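Subject: Structure handover

Hello,

Here is the structure I promised to pass on. Please open it first, then read the notes below.

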Amino acid sequence: MRSPSIPAALALLALTPGGLRAEEAAGEARAKAEPPRAARNFGNLRVGGSTANGNGRPELCLELSPVAFLSLESCGTGSGFLHGDPEPEVAHFRAKLRLASIDVERWGTFQPFLAGGFAEAQVGRDDPGFQFKGTDRRRVATTGPEGGLGLRFLHPLAAGFELVGDFNFSLAWLPHAPELIQPGNTWLPSASLSFGVGF
């Protein structure tokens with residue numbers, strides 16, 4: 001009778017309880033040695049607050065990311081869509097460029113970003129569309145360019161979903177804000193903080 005070959009003997013050893021434990025330990029060691037993959041968020045919906053809004057309503061943000069390093073975002077209180085509150089608010093429409101993705105063990109992923117787009121300030125129920133060259137006919141809304149920077153936080157939950165946090169500073173230039181029925185400042189700085197769920 002021929003003795004088993006060395007590969008066959010190793011396979012038999014792996015099937016023993018001790019061999020299975022050794023294989024599991026080796027797999028765990030490999031998992032710990034491999035760096036975690038950067039989180040990839042395709043879209044998220046967040047709720048929070050912004051210093052630019054004085055109407056007491058929460059700020060809602062919808063962010064979609066067609067590619068890993070770039071996302072498109074819209075933030076506002078939902079005026080004209082979710083409610084008809086005429087109180088002043090500022091809506092933001094921007095692109096966000098991710099600068100890095102930093103994984104922190106047991107916490108999640110931190111992603112600093114630059115943002116650019118435009119902001120719309122309104123002091124009443126405005127007409128549809130954006131007014132870059134002045135105000136609308138009732139002088140309740142105007143629009144201007146905006147830039148900023150911020151930090152996104154991603155923490156895995158379950159089934160591919162993630163807890164998403166976003167903190168950012170922005171500065172909008174609204175040259176026609178002094179012409180509104182409630183005159184505003186030409187330069188509008190703001191800070192916002194929001195949390196939500198993404199995938």
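Is Phe195 buried, partly exposed or exposed? Phe195 is partly exposed, because its relative accessible area is 46%. The classes are these: buried is under 20% relative accessible area, exposed is over 50%, and partly exposed is in between, with a 1.4 Å probe and protein chains only.

Some ground rules before the rest. This is a predicted model, in which local features need pLDDT of at least 70 and side-chain atom pairs count only at pLDDT 80 or more, while totals for chains, interfaces and linings use all residues. Residues are numbered from 1 along each chain as its sequence is written, and side-chain values use heavy atoms, with hydrogens and water left out.

**Phe195**

Phe195 sits in strand β9, residues 187-198. Strands (E, at least two residues) and helices (H or I, at least four) are DSSP runs, numbered from the N terminus. Leaving aside neighbours within four places in sequence, Phe195 is in contact with Arg46, Val47, Val164 and Gly165. Contact means heavy atoms within 4.5 Å. Leu45 is 150 residues away from Phe195 along the chain, yet their C-alpha atoms are separated by 8.1 Å.

Thr142 belongs to strand β7, residues 141-156. Thr142 counts as buried because its relative accessibility is 0%. Its side chain reaches the backbone oxygen of Gly134 at 2.8 Å. That is a polar contact: a pair of N or O atoms within 3.5 Å, where within protein one must be able to donate a hydrogen and the other to accept it, and residues adjacent in sequence count only if both atoms are side-chain atoms. Beyond four places in sequence, the contacts of Thr142 include Ala119, Gln131, Thr135, Leu174 and His176.

Thr135 lies in the loop between β6 (108-122) and β7. Thr135 is also buried, at 19% relative accessible area. Not counting residues up to four places away in sequence, Thr135 touches Ala141, Thr142, His176, Glu179 and Leu180.

β2 and β3 form a hairpin with two residues between them. They pair in the antiparallel sense over six bridges. Two strands pair if DSSP finds at least two bridges between them. Leu64 has Leu72 in β3 as its bridge partner. β3 is joined to β4 by six bridges, and these two run antiparallel. There, Glu73 stands opposite Arg94 in β4.

**The cavity**

How many cavities of 30 Å³ or more are there? The count is one. A cavity is a set of points on a 1 Å grid over the protein atoms alone where a 1.4 Å probe fits but cannot get out, and lining residues have an atom within 4 Å of a point. The largest cavity has a volume of about 90 Å³. Volume here is the space filled by probe spheres set on the points, which are joined across faces, edges and corners. Of its 14 lining residues, Asn41, Ser65, Ala68, Gln111 and Arg152 are the closest to the centre. β2 (59-67), β3 (70-76) and β4 (89-98) each give two or more residues to the lining.

**Positive phi**

Most residues other than glycine have a negative phi. Arg106 has a positive phi, near 70°. Arg106 is in the loop between β5 (102-104) and β6, and is exposed at 77% relative accessibility. Arg139 has a positive phi of about 55°. Arg139 lies in the loop between β6 and β7, and is partly exposed at 40%.

Best wishes

How values were computed
1 Å grid on protein atoms, 1.4 Å probe; cavity = no way out; pocket = protein on both sides within 12 Å on 5 of 7 lines; lining within 4 Å.
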